[in-house]
Amino acid sequence: MAYQAVFKRYELKYLLTKEQQKRILDAMEPYMALDKFGHTTIRNIYFDTNHYRLIRRSIEKPAYKEKLRIRCYKKISASDDVFVELKKKYKHVVYKRRLAQPWTDALQWLCNKQSPHLTTQISKEIDYFLKYYQNLRPVVFLSYEREAYYSRDGSDFRVTFDNHILCRKTDLSLESEVYGTPILDDDLILMEIKCSGGIPLWMAHILSAERIYKTSFSKYGTAYETLIYPQLKEEKTHV
């Protein structure tokens, strides 16, 4: 399974209306093309402590934050490969390490029930993360529909559009169907620009013309604030 395992880049986020997305796609057409996967349904399971230490820290917007998840790009079976991803952000730069593992092995590994399927530098980094936070567990399933575009000039500039972002606290399996609570209005699209350097001038022009500004948006963070925290608050009032 050939894949990119290490990423270092900026990830800039923008919330768009569907009309704005259409105009951006028109502006992108001479410069960018849909990648080989086209339209995908991305499924994620995020791991956290019993007290949601990772996401509560992230919401505070510190200079450094990190998260751990398992991701796949289609409905899978127990033996299919998934990505175990360790994602860190420091001073606006995103560092991501990922490792392909069979789904069942990945889940057992992150739940501290067995060693990783393969031992590599990345697996050692993830093992350190698991030992540092201790007793991490699956806490939320999060899915969305994505269209991803790459730059025709061969640079690492990429643009993705995500919609139908859903989350749930139960049935935390990548083998399950996609369903859950929406965390974004139906008429909004999350656009992400991913690059190691500056934004191309043509993209800067269309963003300026449409008055589209960078925003702070975390899918897991929004899932926590939308679904998890209200339930925790309600449970506390009934204790």
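Is Q21 buried or exposed? At 14% relative accessibility, Q21 counts as buried, where buried means under 20% relative accessible area, exposed over 50% and partly exposed in between, with a 1.4 Å probe and protein chains only. The views below come from a predicted model, in which local features need pLDDT of at least 70, side-chain atom pairs count only at pLDDT 80 or more, and totals for chains, interfaces and linings use all residues. Residues are numbered from 1 along each chain as its sequence is written, and side-chain values use heavy atoms, with hydrogens and water left out.

**View 1. Helix α1 and its buried residues.**
Q21 is found in helix α1, which covers residues 18-28. Helices (H or I, at least four residues) and strands (E, at least two) are DSSP runs, numbered from the N terminus. Q20, Q21, I24 and M28 are the buried residues named in α1. Seen down the helix axis, the buried residues of α1 fall within an arc of 100°, so they line one face of the helix; the arc is that of the directions from the helix axis to the C-beta atoms. An α-helix has 3.6 residues a turn, so residues three or four places apart point the same way. The buried residues of α1 pack against β1, β2, β6 (137-151), β7 (158-168), β9 and α5 (201-209). Leaving aside neighbours within four places in sequence, Q21 is in contact with L16, F161 and I189, contact meaning heavy atoms within 4.5 Å.

**View 2. Strand β5 and its two partners.**
Of the 10 residues of strand β5 (residues 93-102), 8 are buried, so the strand is largely enclosed by the rest of the structure. Two strands pair if DSSP finds at least two bridges between them. Strand β1 (residues 6-17) pairs with β5 in the antiparallel sense over 5 bridges, and the bridge partner of K8 in β5 is Y95. Strand β4 (residues 81-90) also pairs with β5 in the antiparallel sense, over 10 bridges. In this pairing, Y90 stands opposite V93 of β5. A hairpin is formed by β4 and β5, with 2 residues between them. In the turn, K91 has a positive phi of about 50°.

**View 3. The loop at D187.**
D187 lies in the loop between β8 (181-182) and β9 (188-195). At 46% relative accessibility, D187 counts as partly exposed. Residues up to four places away in sequence aside, D187 touches L16, T17 and K18. The C-alpha atoms of D187 and H164 are separated by 9.7 Å, and these two residues are 23 residues apart along the chain.

**View 4. The largest nonpolar core.**
A nonpolar core is a set of buried Ala, Val, Leu, Ile, Met, Phe, Trp, Tyr and Cys residues joined through side-chain atoms within 4.5 Å. The largest such core has 23 residues, of which L68, I70, L110, I126 and L174 touch the most other members. The elements that give two or more residues to this core are β2 (32-48), β3 (64-72), β4, α3 (103-110) and α4 (121-133). Helix α4 supplies the largest share, 5 residues. Not counting residues up to four places away in sequence, I126 touches L68, V84, L86, W109 and L110.

**View 5. Aromatic pairs.**
The structure holds 11 aromatic pairs. Rings of Phe, Tyr and Trp (its six-membered ring) pair if their centres lie within 6.5 Å; planes under 30 degrees apart count as stacked, over 60 as edge-to-face and the rest as tilted. Y46 and Y220 form a stacked pair, 4.9 Å centre to centre with 25° between the planes. This pair links distant parts of the chain, with Y46 in strand β2 and Y220 in helix α6 (residues 219-237), 174 residues apart. Y46 counts as buried at 3% relative accessibility, and Y220 counts as buried at 2%. The rings of Y128 and Y132 have their centres 6.3 Å apart and their planes at 25°, so this pair is stacked. Being 4 residues apart in helix α4, Y128 and Y132 are separated by about one helical turn. Y128 counts as exposed at 59% relative accessibility, whereas Y132 is partly exposed, with a relative accessible area of 46%. Ring pairs link Y128, F129, Y132 and Y133 into a cluster.

**View 6. Charges over rings.**
A charge sits over a ring if NZ of Lys or CZ of Arg is within 6 Å of the ring centre and within 35 degrees of the ring normal. R168 lies over the face of F141, at 3.7 Å from the ring centre. The charged end of K219 sits over the ring of Y144, 4.4 Å from its centre.
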